[in-house]
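Here is a short briefing on aromatic packing and overall build. Look at the rings as you read.

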Amino acid sequence: MTRFALEANFDGLVGPTHNYAGLSFGNVASANNANRVSNPREAALQGLAKMKALADLGYAQGVLPPQERPSVALLRTLGFSGDDRTVIREAARTAPELLGAACSAASMWTANAATVSPSADTADGRVHFTAANLCSKLHRAFEHETTSRVLRAAFPDEARFAHHDALPGWPSLGDEGAANHTRLCGAYGERGVEFFVYGRDDLASAPAPRRFPARQTLQASQAIARLHGLAQDDVVFAQQHPDAIDAGVFHNDVIAVGNGNVLFCHAQAFVDQAAVLATLRERLAARGTALEVVEVGADDVSMEDTVGSYLFNSQLLARAPASGGGMSLVVPQECRERPAVWRYLESLVARGGPIRELHVFDLRESMRNGGGPACLRLRVVLTDEERKATHPGLWIDDARYATLTEWVKRHYRDELAVGDLADPALLDECRSALDELTQLLGLGSLYSFQRAA
């Protein structure tokens with residue numbers, strides 16, 4: 001018997017050190033905006049506004065806190081010593097690129113936080129989480145310890161939730177989380193098909209990008225499927241097209257997004273795309289569900305416009321039956337500003353397919369670092385009982401939104417240059433803000449500076 005379940009979105013709250021240090025090779029927006037002056041306050045408020053708007057539309061919307069930055073702990077492991085302020089000053093003087101990594105606010109992109117399998121798919125009937133090791137980038141490779149702690153605090157009931165530590169940070173096991181994972185299904189509470197997309201197979205010869213690195217490996221995706229207890233027939237693995245990676249599609253969620261029985265993708269998303277789509281159709285059909293594919297050709301939207309607009313880094317959300325069913329697409333403002341992309345989107349809605357409605361959000365601060373609406377959220381399918389077992393302080397409602405908005409306005413700077421990361425006062429500001437945040441959310445001592453006190 002199918003249990004009722006819904007898809008909740010947990011967005012990462014942008015942290016106080018949001019900056020443009022250009023740390024992510026292969027991410028075109030990150031490189032193009034390196035060394036710009038950022039506005040952490042505006043970035044956080046833009047993210048909160050999206051969360052509130054989706055909650056107002058009736059979606060289950062949660063928030064996850066940012067990580068502790070600057071990470072003095074990272075700098076100490078790299079040989080810097082003295083008190084915390086001395087560590088920051090010395091890193092700024094001798095290795096500013098390492099200080100940049102220690103200050104990265106990239107954990108706001110919670111699509112990279114973990115891979116999640118709902119209880120309908122797993123062998124033990126629990127929701128499974130595996131934190132991503134993100135080992136391809138220094139500025140993200142040390143996130144997973146705090147990520148695991150946050151997820152365990154958010155989903156604490158061991159009878160309903162299973163938490164796995166990140167895979168070993170070996171190159172052959174590079175894992176970038178849910179940005180390369182999509183679940184397709186009929187009803188959310190039914191058994192689904194989990195679609196893992198990888199950039200490279202580290203144990204076989206296969207087509208590979210030449211310009212930018214492929215971050216996700218087949219071996220990592222296979223390991224997560226095993227850890228989550230997924231049946232072989234419930235899993236499809238596909239390789240991301242290397243030409244797309246070389247164009248700046250560093251994660252699959254920059255070129256494809258799926259939800260329910262709908263997959264929205266570019267025609268150059270996957271290697272041997274026709275076979276991949278045929279396999280997905282076959283697997284869903286075996287569950288009594290017809291897959292609807294919206295495939296966008298290069299004649300409609302070029303790869304350049306795909307990457308520049310983040311068209312596919314959008315949230316695909318199921319509309320309520322009372323609204324006529326189908327899907328809504330949450331897109332960044334950049335889609336409206338690219339004429340070819342906006343023409344395509346207007347025609348897409350007009351022709352009456354599965355995507356019926358558009359919601360446009362200004363997320364410019366996030367977009368300049370290479371992350372749109374889909375990057376900012378981690379999707380978690382939950383039954384009613386599982387939702388009740390989730391930490392209550394993380395759900396966005398009017399009161400929570402007002403509290404977090406006021407907190408951001410009090411603690412965040414409205415300008416932050418890369419050179420400002422050397423300011424030791426920034427460390428005190430961030431710790432003071434995060435200490436208050438954990439109290440507001442009722443999460444206890446999440447951060448190392450709290451746990452050491």
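Phe10, Phe129, Phe155, Phe161 and Trp395 make up one aromatic cluster. Rings of Phe, Tyr and Trp (its six-membered ring) pair if their centres lie within 6.5 Å; planes under 30 degrees apart are stacked, over 60 edge-to-face, and the rest tilted. This is a predicted model: local features need pLDDT of at least 70, side-chain atom pairs count only at pLDDT 80 or more, and totals for chains, interfaces and linings use all residues. Residues are numbered from 1 along each chain as its sequence is written, and side-chain values use heavy atoms, with hydrogens and water left out.

**Charge over a ring**
- Arginine 387 lies over the face of tryptophan 395, 4.6 Å from the ring centre.
- The criterion is NZ of Lys or CZ of Arg within 6 Å of the ring centre and within 35 degrees of the ring normal.

**Aromatic pairs**
- The whole structure holds 10 aromatic pairs.
- Phenylalanine 195 and phenylalanine 270 are an edge-to-face pair, because their ring centres are 5.3 Å apart and their planes stand at 65°.
- This pair links distant parts of the chain, 75 residues apart.
- Phenylalanine 195 sits in strand 7 (residues 193–198), while phenylalanine 270 is in the loop between strand 10 (262–266) and helix 10 (273–285).
- Both partners are buried (under 20% relative accessible area; exposed is over 50%, partly exposed in between; 1.4 Å probe, protein chains only).
- Phenylalanine 195 has 1% relative accessibility, and phenylalanine 270 has 2%.
- Tyrosine 447 and phenylalanine 449 form a stacked pair, with 6.0 Å centre to centre and 5° between the planes.
- Tyrosine 447 is buried at 1% relative accessible area; phenylalanine 449 also counts as buried, at 17%.

**Overall build**
- The protein has 18 helices and 15 strands. These are DSSP runs numbered from the N terminus: helices are H or I with at least four residues, strands E with at least two.
- The radius of gyration (over C-alpha atoms) is 21 Å, close to the 22 Å of the globule rule for 453 residues, so the protein is as compact as a globular protein of that length. The rule is 2.2 Å times the number of residues to the power 0.38.
- Along the principal axes, the C-alpha atoms fill a box of roughly 60 × 45 × 45 Å.

**Burial, contacts and surface**
- Of the 453 residues, 60% count as buried.
- Among contacts (heavy atoms within 4.5 Å) between residues at least 6 apart in sequence, 77% join residues at least 24 apart.
- The protein exposes about 16900 Å² (Shrake-Rupley method, 1.4 Å probe), and carbon and sulfur atoms supply 49% of it.
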